[in-house]
Amino acid sequence: MEDTHSVSTLIDSTTSKIHQLQKAFAELEGHRAVTLNLKWKELEEHFHGLEKSLKRRFHELEGQEKEFETRTVEAQRMLEKRQAAVVAKEEAQLETLQEKRDAAIYAITNAREKQRKVSTEESSVVTDDGRGGSPTVEEKPPDVMVSDSNLEEVTSPENGNIEGMSYPQLVNFCEQMDSEGLHKFISDNRKNLAAIREEIPLAFRAAANPALFVLESLEDFYRLEGPAMDVKKDSNLLGIRRTCIMLMECLSILLTNPELASASDIITEEVKDMAETIAEEWKPKLDALDMDASNGNSLEAHAFLQLLATFGIASGFDEEELFRLIPMVSRRRQTADLCRSLGLTERMPGVIEVLVNSGRQIDAVNLAFAFELTEQFSPVPLLKSYLKEARKASSPVKPGNASPTAQNEVSERELTALKAVIKSIEEHKLEEQYPVDPLQRRVLQLEKAKADKKRVTEAAKPQPKRPRANGVGYGPRVTNVVAEKTFYPRVADNRYTQYVYDRQFVYPGPADNHCPSVLGSATYNMPPAHGNYFATGYQYQPAYLH
């Protein structure tokens, strides 16, 4: 608008400028001796014409501008109306969705309450077979328990109510102090381990001596280990050891909750002596552990440290020995809590230094965040150093001479390192300091190359020839043979060697061919590349054996 006002002011001042020019022209004409050919009247008409033309164009532009402003205002009003309608529709849909969600939650809650009541009633029903035998208690089948537990995420019953538990069998095992049965139940319900883990501390309250019950459950931790057994590949032994660690952790949860139990009443001096005895038996077995071989995931070291933390007997062992074991469990999620329980918080900078020097910067970053040591151990340089070392270790000395297997291993190591770094960045929210886009592009590149190599390798494999339907291999061409009953030589005929594939899925066929002769005895000349023919001369495709 300011530009329009200035243009209008300039146009209005045109008349005064013309008068000034007229005066100047008159003075010029009076001073010149030579008469000018150009008359003032012509100049005045020319300038007035320009003035009218400019005013007309200016008014046209003013009208267009007002029209554009009017359209803009109307469009903005229409956009605001549509936006308000969309917002109102979204709010209505959200309200409807919330109502449906509340109704579904209410229905699920009622169904679970009814199921729990039915389960409680069934578990209390006593049946007699009518033959004078002892009464038996009816229990829910395992498949019912599994489907019931998958209905929603199971949480610990409120106010320590044992009757509301989803797995009442846990209470039975604890009441009977049946550690072997508890181990088997946990092993059979591995897919519901999270829900079982939350109810075990509450079930321990039903045991006469929870601490002694847990110690008895540790008997098979080393007992099942044989001299020639590969511990890392024995899934049964690994499952038992993980269960032992979980039971000790659940006992710690029970001890730390004063509303459920008193630690002094459960962990008596007698129990501590028994725990120390077990720890002394386990301690020599840890001397053979290698920090690099365990890769921060040693179940043996974890169980030993958890035993000391749960039963409060760490003071009876050398702190340096415990310090040596921490890097062996650095990848375990419970490491930070274990270190705090064992009183090793002040030693954590030294543990992180050991991890960094051994090329395990990912574990070092996790512990640095857990103990708020990120100023002393900056995460981003550690992650970059880890990725740099992984790429350096993955680079072969002579790329041209590396075998395909070695190249695949190199790519796999780099791919694993990239995924570990990306996961650490996302977990600790370091995207602003260390963008993940270049790393993700490299991951896609390596995965694409891996898939391409796999396709090329599969395409290069020789395809085995399939045998004929009658089980006979590819024999020599037979010409001018008088056919007795079939067109083809019998398997029992030993005049020619019958070649069969040396493969397990090929079986010898019957002695006679499946196609009987209907033309009688005749002599036929078979071409070298003859196929399979019926007696009528039509060719057929035999079925392949698989």
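The following dialogue goes through several computed features of one predicted model.

Colleague: Which conventions apply to the numbering and to the model?

Modeller: Residues are numbered from 1 along each chain as its sequence is written, and side-chain values use heavy atoms, with hydrogens and water left out. The model is predicted, and local features need pLDDT of at least 70, side-chain atom pairs count only at pLDDT 80 or more, while totals for chains, interfaces and linings use all residues.

Colleague: How many helices and strands are there in the chain?

Modeller: Helices (H or I, at least four residues) and strands (E, at least two) are DSSP runs, numbered from the N terminus. The chain has 21 helices and four strands.

Colleague: What percentage of the residues in the chain is buried?

Modeller: Buried means under 20% relative accessible area, exposed over 50%, and partly exposed in between, with a 1.4 Å probe and protein chains only. Of the 546 residues in the chain, 31% are buried.

Colleague: What do the contacts say about separation in sequence?

Modeller: A contact means heavy atoms within 4.5 Å. Among contacts in the chain between residues at least 6 apart in sequence, 70% join residues at least 24 apart.

Colleague: How is a pocket defined, and which element gives the most to the lining of the second largest pocket?

Modeller: On a 1 Å grid over the protein atoms alone, a cavity is a set of points where a 1.4 Å probe fits but cannot get out, whereas a pocket is an open set with protein on both sides within 12 Å along at least five of seven lines; lining residues have an atom within 4 Å of a point. Grid points are joined across faces, edges and corners, and a volume is the space filled by probe spheres set on the points. The second largest pocket holds about 680 Å³ of space. It is lined by 21 residues, of which Arg-331, Ile-362, Asp-363, Tyr-386 and Ala-420 are the closest to its centre. Two or more lining residues come from each of α18 (361-370), α19 (379-394) and α20 (404-427), and α20 gives the most, with seven.

Colleague: How does that lining divide by residue class?

Modeller: Ala, Val, Leu, Ile, Met, Phe, Trp, Tyr, Cys and Pro count as nonpolar, Asp, Glu, Lys and Arg as charged, and the others, Gly among them, as polar. The lining divides into six nonpolar, eight polar and seven charged residues.

Colleague: Is helix α18 mostly covered or mostly uncovered?

Modeller: Helix α18 is mostly covered, with seven of its ten residues buried. They are Gln-361, Ile-362, Asp-363, Ala-364, Val-365, Leu-367 and Ala-368. Gln-361 counts as buried because its relative accessibility is 1%. Apart from neighbours within four places in sequence, Gln-361 contacts Leu-355, Val-356, Leu-382, Ser-385, Tyr-386 and Glu-389.

Colleague: Where is Ser-424 placed, and which residues does Ser-424 contact?

Modeller: Ser-424 is in helix α20 and is buried, with a relative accessible area of 3%. Leaving aside neighbours within four places in sequence, Ser-424 contacts Ile-362, Val-365, Asn-366 and Leu-383. Ser-424 and Asp-363 are 61 residues apart in sequence and 9.4 Å apart in space, C-alpha to C-alpha.

Colleague: Which residue after α18 has a positive phi?

Modeller: Most residues other than glycine have a negative phi, and most peptide bonds are trans. Glu-372, which follows α18, has a positive phi near 55°. This residue is in the loop between α18 and α19 and is exposed, with a relative accessible area of 71%. Lys-429 also has a positive phi, near 55°. Lys-429 is in the loop between α20 and α21 (437-460), and its relative accessible area of 68% makes it exposed.
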